[in-house]
Amino acid sequence: MNNVLILLDSLNDWKPYYKTSSILTVSDYLKNKSLQKEKGSKFVINLSNDYSYNSEGYYCSLLAQTRGHKVIPGVDIINKLEVNKANNIFHCFQVMAHIR
């Protein structure tokens, strides 16, 4: 396998782009135990559509970090995005309350 892995929700998401053997689904990455032996030698690009807590996208980034792979986005970034999203939603509700 290559040193770079691109994780997608569906392999069909990549069809219009450059043909490569570097893609896996997020489900396959979570199930692939042979990647554990390749600690630190992988760069993982997680392009999942869902990074919410307990989602496969979230756990792919978490597992990649645990395996010693370099991953984007990392769990720390995902968590910051979730906090900002929650704050933005809260702010929207505050603004809407003042408009009424």
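## A partly exposed leucine

Let's start with Leu 30, which counts as partly exposed because its relative accessibility is 31%, a value that falls between the 20% limit for buried and the 50% limit for exposed. This leucine is found in helix 1. Please keep in mind that the model is predicted.

Leu 30 also takes part in a nonpolar surface patch, together with Tyr 53, Tyr 59 and Leu 62. The patch covers about 360 Å².

## The overall fold

Stepping back, the protein chain holds 3 helices and 4 strands. Read from the N terminus, their order is β-β-α-β-α-β-α.

Of the 100 residues in the chain, 30% are buried. The chain exposes about 6,900 Å², with carbon and sulfur atoms supplying 58% of that area. Taking contacts between residues at least 6 apart in sequence, 53% join residues at least 24 apart.

In soluble globular proteins, nonpolar side chains tend to be buried together. Here, the largest nonpolar core has 10 residues: Leu 5, Leu 7, Leu 24, Val 26, Tyr 29, Leu 35, Val 44, Cys 60, Ala 64 and Val 71. At least two residues of this core come from each of strand 1 (4–8), helix 1 (26–31) and helix 2 (56–66).

Notes: Residues are numbered from 1 along each chain as its sequence is written. This is a predicted model: local features need pLDDT of at least 70, side-chain atom pairs count only at pLDDT 80 or more; totals for chains, interfaces and linings use all residues. Side-chain values use heavy atoms; hydrogens and water are left out. Buried means under 20% relative accessible area, exposed over 50%, partly exposed in between (1.4 Å probe, protein chains only). Contact means heavy atoms within 4.5 Å. Accessible areas come from the Shrake-Rupley method with a 1.4 Å probe; for residues, only the protein chains shown count as cover. A nonpolar core is a set of buried Ala, Val, Leu, Ile, Met, Phe, Trp, Tyr and Cys residues joined through side-chain atoms within 4.5 Å. Patches are made of residues with over 30% relative accessible area and no salt bridge: like charges are joined within 9 Å, nonpolar side chains (Val, Leu, Ile, Met, Phe, Trp, Tyr) within 5 Å. A salt bridge is a side-chain nitrogen of Lys or Arg within 4 Å of a carboxyl oxygen of Asp or Glu.
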